[in-house]
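Please read the following report alongside the sequence and the coordinates.

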Amino acid sequence: MDIHNLTAKDRKKLHTWLRALIQLLYFLFIPSVYTAAFAGVKYIFTQIGAGEKIAMTSFVTVLLVICLYTMVFGRFFCGFACAFGAFGDALHALYTKACKKMKKKPVKIPEKAVGILSYMKYLVLLLIVLLCYAGVYGKAQGTSPWDVFSMIHAGNFRLGGYVIGLVILLLLMVGMCVQERFFCRFFCPMGAVFSLLPVLPFFSLHRTRENCRKGCKACTKICPSQIGLPSDGSWAVSGDCFQCQKCIDICPQKHIHCGIRKLKGNEFWFTILRALILLGICLWLGL
C-alpha cells in the first residue's frame with residue numbers, strides 16, 4: 001500500500017481506522033496490561049511500607065518493561081493499547097456523534113477547570129501510594145473503578161461489594177463522554193507514572209515550527225491533552241502526549257513528524273511496527 005499517493009482526507013481516514021482496529025484488538029484480547037502494571041506499583045510501595053524486600057514478581061516485571069517501552073516509544077500504550085483508554089475514546093466518539101445527529105453542541109469542561117483537573121492524577125497516585133505504604137490499601141477494596149471495569153470486561157457482574165467503585169466508574173464514564181481522554185488526563189494513576197518518565201525524542205512527535213502558518217494552533221486544538229509539540233531537535237518531549245497522531249493529519253503544512261525525519265510520511269507502518277513490538281512484549285510477559 002502506497003500511503004503517499006492517498007489524499008490527505010484518505011490518509012486521515014486510514015490512520016483513524018488503524019488506531020480503532022488496534023484499540024479493539026487490544027481491548028478484546030489483551031485487556032490486562034494496565035491492571036498488571038499498576039499492581040506492580042502497589043506491590044512495590046506495600047513492600048517498602050512493610051520493610052520487606054522487593055522481589056522481581058511478574059507484576060513488577062510488567063511495570064518495568066512497560067515503563068521502558070514508554071520511555072523509548074512514548075505513551076503509545078496509552079493511546080493505542082490501554083483497554084480503559086480505548087473505552088473512553090469509544091464513549092467520547094459516540095457522544096459527539098449523537099450530539100451531531102441531534103444538532104446539539106457537545107458539553108465541554110471549562111478550560112480553567114481542565115487546568116486544575118490535570119493535577120488530579122498525581123494526587124490519586126499519591127493517595128494510593130500512601131495507602132499501600134501504610135498497609136491499608138486492602139481495606140479500600142471495592143472502591144476502584146478499574147477493578148470494576150476489569151470484572152465487567154471479564155463477564156463478572158457480581159459487584160455487590162463494589163458499589164462505590166461502580167458509582168465512580170459511572171461518573172468517569174460521564175466525564176469520558178464530555179471530555180476526550182477524561183480519565184487518562186485527570187485521574188489515571190498509571191498515567192501519572194508515565195507522564196513523570198523521561199521520554200526519548202527519537203520516536204516522539206515534533207514539528208518544523210519555523211515554517212508554521214502564523215497563528216495556526218490546529219495541532220494543539222485537536223490534541224486530547226492540548227499540548228504544544230516540540231520543535232525539531234528538541235529533547236523537551238511532553239509526557240502527556242498519547243501518541244494518537246491526530247496532529248499529523250490536521251497540520252495544513254504537513255510539518256509534524258517523528259523525531260527521526262526519515263520516518264516522515266511512514267507513520268502508518270511505524271504505528272503497526274510499534275503495535276507489533278508491544279504485542280510481542282505482552283506475549284513474552286504472558287499477558
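## Annotated segments

An unreviewed UniProt entry places the feature "transmembrane region" at residues 20–41, 53–71, 77–95, 116–137, 157–175, 182–203 and 268–286. The model shown here is predicted, and the annotation comes from the record and may be inferred rather than shown by experiment.

Two of these segments can be set against the computed secondary structure. Over residues 53–71 the chain is 74% helix and 0% strand, with the end C-alpha atoms 26 Å apart. Residues 77–95 are 95% helix and 0% strand, and there the end C-alpha atoms are 24 Å apart.

## Overall fold

The protein has 14 helices and two strands, and its C-alpha atoms fill a box of roughly 55 × 45 × 35 Å along the principal axes. Its radius of gyration is 19 Å, which agrees with the value near 19 Å that a compact globule of 287 residues would have.

Of the contacts between residues at least 6 apart in sequence, 75% join residues that are at least 24 apart. Buried residues make up 45% of the 287 residues, while the protein exposes about 15300 Å², of which carbon and sulfur atoms supply 68%.

## The nonpolar core

The largest nonpolar core has 77 residues, and those with the most contacts inside it are Phe77, Met190 and Leu278. Helix H3, which spans residues 58–73, gives the most to this core, contributing eight residues.

What does Leu278 contact, once its neighbours within four places in sequence are left aside? The residues in contact with Leu278 are Tyr26, Ile66, Tyr69, Phe76, Phe77 and Ala81.

## Ser225 in its loop

Ser225 lies in the loop between helix H12 (218–222) and helix H13 (246–250). Is Ser225 buried or exposed? Ser225 has a relative accessible area of 9%, and because this is under the 20% cut-off, the residue counts as buried.

Not counting residues up to four places away in sequence, Ser225 touches Arg185, Asp240 and Phe242.

Methods: Residues are numbered from 1 along each chain as its sequence is written. This is a predicted model: local features need pLDDT of at least 70, side-chain atom pairs count only at pLDDT 80 or more; totals for chains, interfaces and linings use all residues. Side-chain values use heavy atoms; hydrogens and water are left out. A nonpolar core is a set of buried Ala, Val, Leu, Ile, Met, Phe, Trp, Tyr and Cys residues joined through side-chain atoms within 4.5 Å. Buried means under 20% relative accessible area, exposed over 50%, partly exposed in between (1.4 Å probe, protein chains only). Helices (H or I, at least four residues) and strands (E, at least two) are DSSP runs, numbered from the N terminus. Contact means heavy atoms within 4.5 Å. The radius of gyration is taken over C-alpha atoms; the globule rule is 2.2 Å times the number of residues to the power 0.38. Accessible areas come from the Shrake-Rupley method with a 1.4 Å probe; for residues, only the protein chains shown count as cover.
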